[in-house]
Amino acid sequence: MPIKRFLIMSSVAAASFAVTAAVVGAQDGPQPQTLADVPANQAAATDVDPSLARDFAAFRRSQRAGEARDGVGPFGANLALARRVDTAVGSVWIVPARGVVCLRAEDSAGSGWTCAAETQAAHGALMLAMRTSGDESGARVFGLLPDGASAPVMTTTGGSTAKVDMGPDGAFGVQAGRGTLEYDQGGARRTVTAP
Amino acid sequence: MSIALITSLFAIAAYAQSRANAVGVSYCVGVYLAGYDHCDASDRHSLTGNAAANYYGSSTTVCAGATLNGSFWGGYACGNFGYAEHCYDGTRLLVGRIHNGQPGAQHMQGAYYYSQACP
């Protein structure tokens, strides 16, 4: 009988550990390289991933009053951990997820999100365009640049250019038509297509 | 064992604070969309969220939007790393739409949500 009891207790304990590992382990695994490596629906991130704090200034500062909000976005993006940047075209929330970073902005219909694996965002420029139906000429374009990026300029397909005002958090918001974002990083001039 | 059980309960509680229990419907899965073309879901619903994705493009522009009574409604949210989502308040019967936001064709897929908060 003691052996049977021991086996039952061991099975329960093993099952408990398995559930814990399955749920919590996702945040401790290797960093995803693309969003294909991450389930869109998963538990809320419980803290800011150290790699996010390493690559993005916004996550190295403390949250300010009013930045945290309720709700969980895609990939476990937790608004309770968000940093907000107020730009000339509206606010953008930089939201940490599990190996992923997301941007969120609001419009009259609700909110818009975009996300990228942390690795992708650290080597590129994550951008979210909030477009109005029927108007393809322009959009509110929000972006997040990694540490070390500087001198961003938006160039539309029509050839006009606009200096991008990037704050200390590395985020920006501009009104712009379709085009590209250029910026300096690592001694090179980089060009990214704006959404 | 008690520690394991308590830890598991905390983990399950954290999991509950997620979208893992969202009522999601996939549509236009694997559709190959020409530049700036779109694909609509087959049914309308009181959407709270609609997502567009190309999980396998390294940096592609995808957009998520919706239609109301056959006409485009609200705005598009577009992202440049293959994922975009638009959230709604769930009070209107909308049809989810995914939109190729770039000149080049790409494979995309959509998923809309209802009965699920979308912040």
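A polar contact is a pair of N or O atoms within 3.5 Å; within protein, one atom must be able to donate a hydrogen and the other to accept it, and residues adjacent in sequence count only if both atoms are side-chain atoms. The structure is a predicted model, in which local features need pLDDT of at least 70 and side-chain atom pairs count only at pLDDT 80 or more, while totals for chains, interfaces and linings use all residues. Side-chain values use heavy atoms, with hydrogens and water left out; residues are numbered from 1 along each chain as its sequence is written, and chains are lettered from A and ligands numbered from 1 in the order in which they are written.

From the N terminus, the order of elements in chain A is α-α-β-β-β-β-α-β-β-β-β-β-β-β. Of the 195 residues in chain A, 53% are buried (under 20% relative accessible area, against over 50% for exposed and in between for partly exposed; 1.4 Å probe, protein chains only). Among contacts (heavy atoms within 4.5 Å) in chain A with a separation of 6 or more, 53% are between residues 24 or more positions apart. The accessible surface of chain A is about 8400 Å² (Shrake-Rupley method, 1.4 Å probe; for residues, only the protein chains shown count as cover). Carbon and sulfur atoms account for 57% of that surface.

Chain B has one helix and nine strands, arranged along the sequence as α-β-β-β-β-β-β-β-β-β. Buried residues make up 53% of the 119 residues of chain B. For contacts in chain B with a separation of 6 or more, the share from residues 24 or more positions apart is 73%.

Two residues of chain A were examined individually. E67(A) is located in the loop between helix 2 (50-55) and strand 1 (83-87). Its relative accessible area is 2%, so E67(A) is buried. The E67(A) side chain reaches two backbone nitrogens, that of R64(A) at 2.5 Å and that of R84(A) at 2.8 Å. Apart from neighbours within four places in sequence, the contacts of E67(A) include R61(A), L79(A), R84(A) and W93(A).

T155(A) belongs to strand 7 (residues 150-156). T155(A) counts as buried because its relative accessibility is 18%. Beyond neighbours within four places in sequence, T155(A) contacts S160(A), T161(A), R178(A), G179(A), T180(A) and E182(A).

Definitions and conventions: Helices (H or I, at least four residues) and strands (E, at least two) are DSSP runs, numbered from the N terminus.
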